[in-house]
Amino acid sequence: MATDAVGKKEVTRDLDHCDIPYYVSEFVEREVGTDYDSLRKLDDLIDKLSENKKQLEEQVLTVSSEVPKRIQNAVKNAEDSKKSLNQLLEEEALLSDSIDSHLLKAQPWMEDLDVLISQIEEIERHLCYLKWISRIEELSDSIQQYLMTNNVPEAASTLECMAELDIKLKESSCSHLLAFVRSTVKFWHKILKDKLSSDFEEVLTQLRWPFVGPPQSQAFGLSAPANAPDVYNNLEMLFCQLLKLQTSDELLTKPKQLPEKYSLPSSPPIILPIQIMLNPLQKRFKYHFTGNKQTNVLNKPEWYLTQVLMWIGNHAKFLDDKIQPILDKAGSSVNAGLEFSRGLVMLILEKLAADIPCLLYDDTLFCHLVDEVLLFERELYSVHGYLSSFPSCMHILSEESCFQRWLTVERKFALQKMDSMLSSEAAWISQYKDITDVDDMKVPDCAETFMTLLLVITERYKNLPTASRKLQFLGLQKELVDDFRIRLTQVMKEETRAPLGFRYCAILNAVNYIATVLADWADNVFFLQLQQAELEVHAESDAVSQLQLGQLASMESSVFDDMINLLERLKHDMLTRQVDHVFREVKDAAKLYKKERWLSLPSQAEQAVMSLSSTACPMLLTLRDRLLQLEQQLCLSLFKIFWQILAEKVDIYIYQEVIMANHFNEGGAAQLQFDMSRNLFPLFSHYCKRPENYFKHIKEACIILNLNIGSALLLKDVLQSSSENETLNPNQPPATAALNELGVYKLSQKDVEILLNLRASWPNTGK
């Protein structure tokens, strides 16, 4: 057994060294194991191991004899490599000397060759220069030949090619060549433009262009006399030829531009044929609306604005029916009507830029101009489809001095309007008071007029070209809202002695209406875009906290949040004052009800019919009258908040001051339940389906007080047992299930115990 124990003793392995005992132990365990009969194999095992030992010794002898030979071979190979390397180094030195010698001999040749190459390159440049000149002269000769044979279309096409060459040479440093090309283009462009313009104007004259009257009164234009096909063919041919001069015209003609302070968007020049069509109208405009003409007066901007709109309308059908097909056929992306409108609008912009400095400090004239410009813009965009990417009158009004003046005038007139609307006799009367379907909000006239004013301001500035200008107007709107809130607060303070009066309620309706409309506007796409612009401005200026930036970015807040919060606070204060006032009246009317003799009232069986307690009548009448009064004077949403807060206060008051302060016999408990469930609760049934849910303290107290004796005793035992168990075992659940079964959810276990103790009649149980 000892031997067996030793044999089984575990041999641990040393992982850091070649552990022979471990391998021997493992080998013996594998070959012999615990089977003692296998010891007979030891002789064979010893022979096998001896043979393996012999083979290993022979391998060691063989390797030990071969290693020196390998080392000798490696040394020999290294020496051979060294010799080869030395030989290569010698050859490299010889080759390097040969190359240096060759370069020295070839140096004069290289210098001569560099001179020849420079000469060749110069000759090539001269040749290229001459080729350009030759090409330009060739095109010039072609134009001349085409004009001599009266082939104007080909001449125009050739000039277009020459203009494209001019554009290609734009980056060249050959100033003389550029000047030559430009002068040649200019020469032929003038000849062709004069000829084609003259012919085109003649065709327009045949068409009775321009049309100064409405389409139905146009003498030719869209009508079809006998020679109409020829005239329209000539119109198309000349229009297309003038289009070919567009490239050269843009090279030679610098478009008239307004100063940079107006920040007009970049736009391509008006195409040449449309320019020619605009010429007579431009002359008429300048004749009538510049200089000392009677039609050029600062107080009548509507004259030239209306005139331009009439011209656009009078020519729209002709441009769409006759000119647009020509442009489409020529592969142009230009819209004839918009191009024509853009040319006329530029006249307006120049006129505004000249007139505005003259009337900037005359409030009446300036305000009238802005009004007329906004009307013009509205019709231009809505009726004639003008694009917001084009220069417009709003760019002129956005110029710094003009814009600041506009803001100032807008603020001034808005404040004047606010003064007049608040001082009006009908300021606090709803204009829809006789229309019940419309007058849900019971909005006083001053609040509706004020929000209309804000809406009009929004419409006036919403088409401004930059977000920064829109944000400034948004700031003005916020100022006006805050100013109006302060004015409402001032009027409200004058009415605090009569918080249930008509004017006080009208002010409260006004505050609620403004807050509601602003909250609706916050979800409008226009104001959401302004919120994003405001976020970008704040992010650049670090003007607000990271939390506020996060709220803006996640749309948790809106641009009107500050104003809405102030209005909501004012609304809450006013509602609280009204509730407190009514609640004081209710408490005064409930004094007798508190002193009712609840202990001595007859039981329900002793009465033929239950009737309302006489002491409860003043309290209930006060409640009824005030609820009816405020239902008529407050809007639905405000009245709902009012009666719910009032109900909560009345519930707690009656529970604490009437129920918890008295003891009740069976008749007193029944009378209390009758007064509450058949008289108090129904007062609120007009406003909700289950009014008792707003008087949970009273309702549940009545349940406890009106339990029959058996149920009351059982509940008292359950509560007492629960209290004792809770003292011994705090984790034991209270008697909630028993209370819930009776319909008691609001009152705590201690409250129920107190109520049970308020019951006056308990049988003698011997306890």
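In the predicted model, the axes of helix H15 (residues 467-494) and helix H16 come within 10 Å and cross at roughly 160°, where axes are lines fitted to C-alpha atoms, for helices over the stretch in contact, and angles run from 0 to 180 degrees between N-to-C directions. Helices (H or I, at least four residues) are DSSP runs, as are strands (E, at least two), numbered from the N terminus. H15 passes H16 in a left-handed crossing, the term used if the near helix is turned anticlockwise from the far one by less than a right angle, and right-handed if clockwise. The contact (heavy atoms within 4.5 Å) is made by Val481, Phe484, Leu488, Val491 and Met492 of H15 and by residues of H16 including Arg503, Tyr504 and Ile507. By class it divides into eleven nonpolar, no polar and one charged residues, with Ala, Val, Leu, Ile, Met, Phe, Trp, Tyr, Cys and Pro counted as nonpolar, Asp, Glu, Lys and Arg as charged, and the others, Gly among them, as polar.

Residues are numbered from 1 along each chain as its sequence is written, and side-chain values use heavy atoms, with hydrogens and water left out. Local features need pLDDT of at least 70 and side-chain atom pairs count only at pLDDT 80 or more, whereas totals for chains, interfaces and linings use all residues.

The axes of H16 (residues 502-521) and H19 (residues 561-589) come within 9 Å and cross at roughly 150°, which makes H16 roughly antiparallel to H19. This crossing of H16 with H19 is left-handed, and the residues that meet include Tyr504, Ile507 and Val511 in H16 and Met563, Leu567 and Met574 in H19. The contact of H16 with H19 comprises 15 nonpolar, two polar and three charged residues.

Helix H22 (residues 636-659) and helix H24 (residues 696-705) pack at an angle of about 40°, with their axes 7 Å apart. Among the residues making this contact are Val650, Ile654 and Tyr655 of H22 and Ile698, Ala701 and Leu705 of H24, and the classes represented are eight nonpolar, one polar and two charged.

The largest pocket has a volume of about 930 Å³. On a 1 Å grid over the protein atoms alone, a cavity is a set of points where a 1.4 Å probe fits but cannot get out, and a pocket is an open set with protein on both sides within 12 Å along at least five of seven lines, lining residues having an atom within 4 Å of a point. Grid points are joined across faces, edges and corners, and a volume is the space filled by probe spheres set on the points. The largest pocket is lined by 34 residues, of which Pro255, Lys256, Gln257, Ile270 and Met346 lie nearest its centre. H8 gives the most to this lining, with seven residues, and the lining as a whole divides into 14 nonpolar, eleven polar and nine charged residues.

How values were computed: Angles under 35 degrees count as roughly parallel, over 145 as roughly antiparallel, 65 to 115 as roughly perpendicular and the rest as oblique.
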